[in-house]
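Biologist: I would like a close look at a single part of this model. Please keep to that part and what it connects to.

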Amino acid sequence: MPAVGAVRQVALSAGRDLDATLAFWQGVLGMSVHARYDPPGIAFIMAGDVRLFFGDGVLPGTVYLDIAGLEAFHAEAKAAGIPFTAPPTLVHRDTEGRFGPAGESEWMAFLKDPAGNTIGLVERLAPEQL
């Protein structure tokens, strides 16, 4: 049996207002819409090589995105009134190097888009960056 490859696409809820959801991803996260089809009212945003699919009838999901400068982004977004469900928090010290270079720390912050999707922002910091 062949092995499964890399993640190609993640489905996320568009909620009841695709325009508001896409505006959040563009305005808050700085991501651009790759393709949109009306009808049926679906859209795609590229996160690296992974397509994020936004459609009606999809339950809210969770996606984790890499970010550089998590603390600064959090401060700026919070000052702009963007609510976070969790501020930047150390979630893992990767002493063994299982998820990247050994010794790095993984920090995450969480927020939700208008459709209820949870967005985990992830930054890995080397010991000298702490």
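Which residues of strand 5 (residues 62-66) are on its covered face, and which are on the uncovered one?

Modeller: This is a predicted model, in which local features need pLDDT of at least 70 and side-chain atom pairs count only at pLDDT 80 or more, while totals for chains, interfaces and linings use all residues. Residues are numbered from 1 along each chain as its sequence is written, and side-chain values use heavy atoms, with hydrogens and water left out.

In strand 5, Val63 and Leu65 form the covered face, whereas Thr62, Tyr64 and Asp66 form the uncovered one. Strands (E, at least two residues) and helices (H or I, at least four) are DSSP runs, numbered from the N terminus. Strand 5 pairs with strand 8 (residues 118-125) in the parallel sense, over 5 bridges; pairing requires at least two DSSP bridges between the strands. Val63 has Ile119 of strand 8 as its bridge partner.

Ile119 also belongs to the largest nonpolar core, a set of 25 residues. Such a core consists of buried Ala, Val, Leu, Ile, Met, Phe, Trp, Tyr and Cys residues joined through side-chain atoms within 4.5 Å; buried means under 20% relative accessible area, with a 1.4 Å probe and protein chains only. Ile119 is among the residues with the most contacts inside this core, together with Trp25, Leu29, Phe54 and Leu121. Strand 5 and strand 8 are among the elements that each supply at least two of its residues, and helix 1 gives the most, with 4.

Definitions and conventions:
Buried < 20%, exposed > 50% of the residue type's maximum accessible area, 1.4 Å probe, protein only.
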